Amino acid sequence: MSRSAHPAGPRHADVLPEGHYTAPADDLNSLDPKVWAQTVGRDADGVVTVGGIKVTQLAEEFGTPAYFLDEDDFRARCHAWRGAFGADADVFYAGKAFLSRAVVRWLHEEGLNLDVCSGGELATALAAGMPADRIAFHGNNKTEDEIERAVGAGVGRIVLDSFQEIVRVAHIADRLGVRQRVQIRVTVGVEAHTHEFIATAHEDQKFGIALAGGQAAEAVRRALRLDGLELIGVHSHIGSQIFDMAGFEVSARRVVQLLAEVRDEHGVELPEIDLGGGLGIAYTSEDDPREPHEIAKALGEIVTRECEAANLRTPRISVEPGRAIVGPTAFTLYEVGTVKPLEGLRTYVSVDGGMSDNIRTALYDAEYSVALVSRTSDAEPMLVRVVGKHCESGDIVVKDAFLPADLAPGDLIAVPATGAYCRSMASNYNHALRPPVVAVRDGQARVIVRRETEEDLLRLDVG
Ligand code: LLP
């Protein structure tokens, strides 16, 4: 990414400190549609609106901090993914990015399937009426109880992650008298160009069964022998926030090679492959994500080409985007509490949330954008660090960004692209109350996950 330590233009300090910040936008009042949800804009008074409602009104009604999710944008993204992959493929939304009963209903209505990775996610999916056969169950250490609930509910597939799990799921399926559809998660040895913590297909990590050393082939051998399992295919997920299709290309090639080996050894053509999720989104104006139709075309071409070369029938493809669907649809709204200029360094802007509602900056050094949303301003840009209210100096929401120099306590600022892995990774650190998620559509706002209360905290603390 091109970064400038000393961007041109007027600043509140003559010399800017070293940092990973981009030059401020020419107009700090502008909202880059790449990073904001589709219905976000400014109204005639300069107040930002989403779904036709002013953020000032939303703050009054629902409080801050809060996540506001643009339901039309969510549905449009589901529609785009569904349409791009067509009837011969399946799109499983990765529930770990953000899951609630309303989300499950939207997915159902928009024709998407759902990937869950815990008993809690499974319970949410079933409670909201997602047909079990459209649910995939993932995880590197599913408990017996979770497996039993998944098999008992009739989930469409369980993605097996270890040799022990192959046996475990087979036994449970036998006991329940069913034949469970399964895929085997393989690690293809691709190191995706992303943060080390979220790259998952290199071999030295906890997920999947390595293709290397014939381990995945051995897993297939064992799964095919067990009556309780119907092996439908192979699964690969190579990481997250990936822009470059090269990693998917290698992954698809290696997965297809395994299918060819399976055909040669067992005379069985496994009918499905799942290429996982991991497609990147724009957190700042510098990110250039691919559109779903480009991704679908690229993946389809790779798989078709590799299958032709191996003389295999093209398997049904599935993908599991989480972030790419929900990430861009929401922003977090905060109220500015204190503004502390540090001479020659930067201005610290403290908001009423922080690492408890967005751990990604602290955990992955993630980059975010930020804008003043309760009004416009013609003041010059000042370099800011947006921080939370937690007792930890790493409590940073936006590391380096520009906001107008007249920013003051009481202003509302918003951080876009927080729909994925923010509420779902939120914590109660310092007994913070996790913020609500409010869905906004056509001038209507409704809470889909309510704000936690001190009563909620005390209810868990049994004294
Ligand atoms: N499928 C599997 C098997 C996965 O493990 C994941 C993400 C996905 C799909 C969805 O990936 P997505 O399209 O959302 O990138 N907490 C991290 C991300 C961890 C993702 C874990 N698995 C973050 O905040 O960036």
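How many Å lie between a polar side-chain atom of R360 and an oxygen atom of the ligand? The gap is 2.6 Å. This is a predicted model, where local features need pLDDT of at least 70, side-chain atom pairs count only at pLDDT 80 or more, and totals for chains, interfaces and linings use all residues. Residues are numbered from 1 along each chain as its sequence is written, and side-chain values use heavy atoms, with hydrogens and water left out.

View 1. Let's start with E320: an N or O atom in its side chain sits 2.7 Å from a nitrogen atom of the ligand. On its own the ligand would expose 580 Å², and the protein buries 91% of that (accessible areas come from the Shrake-Rupley method with a 1.4 Å probe; for residues, only the protein chains shown count as cover).

**View 2. The shell around the ligand.** Here you can look at the 19 residues around the ligand, of which E320, R323, R360, Y364 and Y421 come nearest (a residue is near a molecule if one of its heavy atoms lies within 4 Å of it). Sort the shell by class and you get six nonpolar, seven polar and six charged residues.

View 3. H138 sits in the loop between β7 (135-137) and α5 (144-153) (helices, H or I with at least four residues, and strands, E with at least two, are DSSP runs numbered from the N terminus). H138 counts as buried because its relative accessible area is 4% (buried means under 20%, exposed over 50%, partly exposed in between, with a 1.4 Å probe and protein chains only). Its side chain makes a polar contact of 2.7 Å with that of E320 (a pair of N or O atoms within 3.5 Å; within protein, one must be able to donate a hydrogen and the other to accept it, and residues adjacent in sequence count only if both atoms are side-chain atoms).

**View 4. T124 on its helix.** You'll find T124 in helix α4 (residues 119-127). T124 is called partly exposed because its relative accessible area is 22%. From T124 to E249 is 125 residues in sequence and 34 Å in space, C-alpha to C-alpha.

Note on methods. Nonpolar A, V, L, I, M, F, W, Y, C, P; charged D, E, K, R; others polar.
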